[in-house]
Amino acid sequence: MTQTPIETRLLSPDSEHIAYAAMMLAKGRLVGMPTETVYGLAADARNPQAVARIYAAKGRPSFNPLIVHAADLEAAQRIGRFSPDAERLAQAFWPGALTLVVPLQDGAGIARLVTAGLDTIAIRVPAHPVAQDLLHAFGGMVAAPSANPSGRISPTRPAHVMAGLGGRLSVVLDAGACPVGVESTIIGWQQGRPVLLRPGGIPAEALAEALGQPIATASPVTDAAQPLAPGMLASHYAPRAPLRLNAIEAQGDEILIGFGQVRGDFSLSERGDLVQAAANLFDALHRADATGRPIAIAPIPDHGLGQAINNRLERAAAPR
């Protein structure tokens, strides 16, 4: 589906503009929706043409499934079948930065493009008040991947959405910077056991503690394979410039993104705070990429939110 450029309205998230954005969703249009993780490109999850517009706007491979955002667990259970473990995680971490991949309910009415033909569906209940207001005003569920061209740096500010997708969506609700700053953690089940499909805004350690059992980690998939959930492709979240990881100092013309004692040209967190680093990650990559110089980034500890940060950086640095 080819999209003719349209006017994209950047609007404050007051009640009048949220009602307007909900009306656009009902008409099958695309809306830039703030969440606590990143900005999402939202469309009516039951409208096949609207969902197709997501794939067209992003240039997203049609075999890569989307996350459905629901207002609450009750709404989520109308489209997905929740095991006791899945319900336990939902009760503990929803609303919040957790996506659960569960079997699709018969007669759920979700557009087939959302699940990319799989018999499972990825569902999240966002915590951001504007996302909640929009979902309630719309009265339905939305499919909403990150609001950026496919494979590029995720958007954590309205300016990122406008720079990447301006002219391809009707509305961006401007709620400022996203407080978490990395996408949701995605958990699925294989042979009845929980599997980490994508690290994200909730550390895997917290999820394992809630379940009382360890969580295995799935491997990234190649571009030719069918991913079980969003964010599993080996190359993803990528700047245009080459990216070098675990750098202590810049080499040549590189711009260095620091962390902790590695200061750099600017830092994800000078005090070595992983929560602050996660919130700053994608904006820092956008800033560095805008210089046109190669990018180097300091080492990040691989625990807690550091696991999600390193996951994004490894995919951003992967050959493409």
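The structure is a predicted model, in which local features need pLDDT of at least 70, side-chain atom pairs count only at pLDDT 80 or more, and totals for chains, interfaces and linings use all residues. Residues are numbered from 1 along each chain as its sequence is written, and side-chain values use heavy atoms, with hydrogens and water left out.

Helices (H or I, at least four residues) and strands (E, at least two) are DSSP runs, numbered from the N terminus. Two strands are said to pair if DSSP finds at least two bridges between them. Strand 5 runs parallel to strand 9 (residues 185-190), to which 3 bridges join it. Within this pairing, Thr99 has Ile186 of strand 9 as its bridge partner. Strand 5 is also joined to strand 6 (residues 120-124), by 5 bridges and in antiparallel fashion. Here, Val102 is partnered by Ile121 of strand 6.

The nonpolar interior was examined next. A nonpolar core is a set of buried Ala, Val, Leu, Ile, Met, Phe, Trp, Tyr and Cys residues joined through side-chain atoms within 4.5 Å. The largest such core has 51 residues, of which Phe82, Trp94, Leu98, Leu100 and Ile123 touch the most other members. At least two residues of this core come from each of strand 3, helix 2, helix 3 (73-76), helix 4 (84-93), strand 5, strand 6, helix 7 and helix 8 (204-211). Helix 2 contributes the most, with 5 residues. Contact means heavy atoms within 4.5 Å. When residues up to four places away in sequence are not counted, Leu100 touches Phe82, Ala86, Leu89, Ala90, Trp94, Ile121, Ala122, Ile123, Ile187 and Trp189. A second core, separate and made of 32 residues, includes Ala247, Leu281, Ala308 and Ile309.

After helix 7 comes Gly167, with a positive phi near 90°.

Charged pairs were then considered. Side chains of opposite charge can pair when their charged atoms come close. A salt bridge is a side-chain nitrogen of Lys or Arg within 4 Å of a carboxyl oxygen of Asp or Glu, and the structure holds 7 of them. In one of these, the closest N and O atoms of Arg157 and Asp283 are 3.3 Å apart. This pair links distant parts of the chain, since Arg157 lies in the loop between strand 7 (142-143) and helix 7 while Asp283 lies in helix 9, 126 residues apart. Arg157 counts as partly exposed because its relative accessibility is 35%, whereas Asp283, at 15%, counts as buried. Another salt bridge joins Glu254 and Arg244, with the closest N and O atoms 2.8 Å apart. Glu254 is buried, at a relative accessible area of 10%, and Arg244 is partly exposed, at 25%. A further salt bridge is formed by the side chains of Asp253 and Arg293 (3.6 Å, N to O). Asp253 is in the loop between strand 12 and strand 13, and Arg293 is in the loop between helix 9 and strand 16 (295-297), 40 residues apart.

Lastly, Glu36 is located in the loop between strand 2 (31-33) and strand 3. Glu36 counts as buried because its relative accessible area is 7%. Its side chain reaches the backbone nitrogen of Ala127 at 3.0 Å. Neighbours within four places in sequence aside, the residues in contact with Glu36 include Gly96, Arg124, His128 and Cys178.

How values were computed. Buried means under 20% relative accessible area, exposed over 50%, partly exposed in between (1.4 Å probe, protein chains only). A polar contact is a pair of N or O atoms within 3.5 Å; within protein, one must be able to donate a hydrogen and the other to accept it, and residues adjacent in sequence count only if both atoms are side-chain atoms.
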